Amino acid sequence: MDKEELWQAALAKIELSLSRPSFLTWFQETGISHIDSGVATVFVPNGFAREWLQNKYHKTILHAIREISSDVRDIHFMIGKPAGGGPSLKSDLTKKKRTQDSYLTDDAQQLKEFTVHPETNLNPRYVFSNFVVGSFNELAHAAAQSVIKNPGTSYNPLFIYGGVGLGKTHLIQAIGNELIQQRPNYKVKYVPSEKFMGEIVEALKNQEINRLKEKYRAVDLLIMDDIQFIARTEKMQEEFFHTFNALYEKNKQIIISSDRPPQAISTLEERLRSRFEGGMIADVGLPDFETRLTILKTKAEIKKIAIPEDVFVFIAENIKNNIRELEGALNRIVMASKLSNKPLDIDSAKRVISDHVSAPKKFISARKIIKAIAEFYEIEERDLVTRSRKKDFVKPRQIAMYLMRHELESSYPSIGDKFGGRDHTTAIHSCEKIGRELRISHELQEEIQIIKDRIYLD
Ligand code: ADP
Ligand code: MG
């Protein structure tokens, strides 16, 4: 029996012991990569899935495999597909999934929520029905509603700014989703500015710049997220400026977000700045306590999780500056209680959150970071700190550098030094790269969260 058959047979058994939705959620895109001296290596799509399978289903999986092949003594998990593909559950699952949607649990629902529409690039989870409005985002929300009523007329462009994790992306995507809902033929494109820049670089290389321009100029609504990054290069600003004008002249709506107002983006060209200032500018501030509480309750309701009032209050009191972190704290508390099979109460909430809120930075060290990362990615600690360019080591190493920078506030030269005497520019490059990826990848956000939890836990 080859490894694919073995895995399929094992899955058939595993499926019996799990609810269908859990099965779909956690065994999506898994497979056996190889079996070596009695150890089967199971590949999973991300660290999140690996953590979960390792903690919750290790035994179940091992049992199922051993019932079919007693040669296997243990299993290991690895992230990612082995080179050459390897068998996977995916195609089969996607087929089944279509008929199963109404039946998905929160876990599965969450995965599904992350699927972005291929044409518009919009994420269907960003809608107004789950967007909480309070005094902190009232103006931005009202401006968004006006745009929906009369796109391309009065509030053009709409420029939304505010700090990290305060709902800019959610709001501007919700406008896109709402407009499509109301006008099925309306052409919307959402693009983070970094992606836009990447596409331009790629198009220039392949001499397809005209096609790219056409693509962006054929839309009714262009949503450009995190425009501040574009301001770093003149070439990109120029490209964007021309696209902007082409759309603007046709009365097409443009929505822009940024971490600060136009006048505070120092490298922003004057002609773009005055364009932005000619539209509507609205900020998103910090939610007050009551609003934080409402947001938490809304999230719990959507996930259909019962949570005691004092736990809500505790989270809302402790996490103030970032709605993403508010949500993250809630998820971690729920997850911790599921993993440990303990009730979700104020004590367990305190345990999970205090690790985070009063993160005792002085207790963590470079060693701890390296250890946690090596464990998470299942590589040797020494592979992280050598100069090897093997692909398996590059990303974990970059994350290690990133965490040293952000959790320990180490200097770039000293980070470079720790990783095989690399130059400080390498450290800067790594930290920036991970920082950029973090802004667009939920998967990476989760991986790093799990790693951080590990670092701060013991
Ligand atoms: P930003 O783009 O400003 O960094 P996001 O839009 O990515 O922030 O929001 C971070 C997280 O918080 C998302 O999961 C989003 O759904 C949630 N969120 C933000 N604002 C709200 C809100 N007003 N109501 C409900 N959820 C929100
Ligand atoms: Mg954003």
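Biologist: How many residues does helix 10 have, and how far does helix 10 reach from its first C-alpha to its last?

Modeller: In this predicted model, helix 10 has 16 residues and spans 22 Å between its first and last C-alpha, close to the 22 Å expected at 1.5 Å a residue. The residue asparagine 251 follows helix 10 and has a positive phi, near 60 degrees.

Biologist: Which residues of helix 10 are buried?

Modeller: A residue counts as buried when its relative accessible area is under 20%. In helix 10 this applies to Met236, Gln237, Glu239, Phe240, Phe241, Thr243, Phe244, Asn245 and Leu247.

Biologist: What covers the buried residues of helix 10?

Modeller: The cover includes helix 8 (193-205), helix 9 (209-217) and helix 11, together with strand 6 (221-225) and strand 7 (253-258).

Biologist: Which parts of the chain does the pair of phenylalanine 159 and phenylalanine 276 tie together?

Modeller: Phenylalanine 159 lies in strand 4 (residues 158-162) and phenylalanine 276 lies in helix 11 (residues 270-277), so their pair ties together parts that are 117 residues apart in sequence. Phenylalanine 159 and phenylalanine 276 are both buried.

Biologist: Which residues form the aromatic cluster?

Modeller: One aromatic cluster is formed by Phe159, Phe196, Tyr216, Phe240, Phe244, Tyr248 and Phe276.

Biologist: Which ring does arginine 271 lie over, and at what distance from the ring centre?

Modeller: Arginine 271 lies over the face of phenylalanine 241, at 4.1 Å from the ring centre. Elsewhere, arginine 50 lies over the face of phenylalanine 376, at 4.9 Å from the ring centre.

Biologist: How many salt bridges are counted?

Modeller: A salt bridge requires a side-chain nitrogen of Lys or Arg within 4 Å of a carboxyl oxygen of Asp or Glu. By this rule the count is 19 salt bridges. In one of them, glutamate 437 is joined to lysine 433, with 3.7 Å between the closest N and O atoms. Both residues lie in helix 20 (residues 424-440), four residues apart, about one turn of the helix.

Biologist: Are glutamate 437 and lysine 433 buried or partly exposed?

Modeller: Glutamate 437 counts as partly exposed, at 26% relative accessibility. Lysine 433 is likewise partly exposed, at 30%.

Biologist: Which helices does the salt bridge of glutamate 381 and arginine 367 tie together?

Modeller: The closest N and O atoms of glutamate 381 and arginine 367 are 3.3 Å apart, and the two residues form a salt bridge. Glutamate 381 lies in helix 17 (residues 381-385) and arginine 367 in helix 16 (residues 366-377), so the pair ties together parts that are 14 residues apart in sequence. Glutamate 381 is partly exposed at 28% relative accessibility, whereas arginine 367 is exposed, with a relative accessible area of 57%.

Biologist: Which residues are linked in a network of salt bridges?

Modeller: Arg125, Lys299 and Glu327 are linked in such a network. A further salt bridge joins glutamate 208 and arginine 211, whose closest N and O atoms are 3.7 Å apart.

Biologist: What describes the protein chain as a whole?

Modeller: The protein chain has 21 helices and eight strands. Of its 458 residues, 48% are buried. Its accessible surface comes to about 22400 Å², with 49% belonging to carbon and sulfur atoms. Among contacts between residues at least 6 apart in sequence, 72% join residues at least 24 apart.

Notes:
Residues are numbered from 1 along each chain as its sequence is written. Chains are lettered from A and ligands numbered from 1 in the order in which they are written. This is a predicted model: local features need pLDDT of at least 70, side-chain atom pairs count only at pLDDT 80 or more; totals for chains, interfaces and linings use all residues. Side-chain values use heavy atoms; hydrogens and water are left out. Helices (H or I, at least four residues) and strands (E, at least two) are DSSP runs, numbered from the N terminus. Buried means under 20% relative accessible area, exposed over 50%, partly exposed in between (1.4 Å probe, protein chains only). Contact means heavy atoms within 4.5 Å. Accessible areas come from the Shrake-Rupley method with a 1.4 Å probe; for residues, only the protein chains shown count as cover. Rings of Phe, Tyr and Trp (its six-membered ring) pair if their centres lie within 6.5 Å; planes under 30 degrees apart count as stacked, over 60 as edge-to-face and the rest as tilted. A charge sits over a ring if NZ of Lys or CZ of Arg is within 6 Å of the ring centre and within 35 degrees of the ring normal. The expected span of a helix is 1.5 Å times one less than its number of residues.
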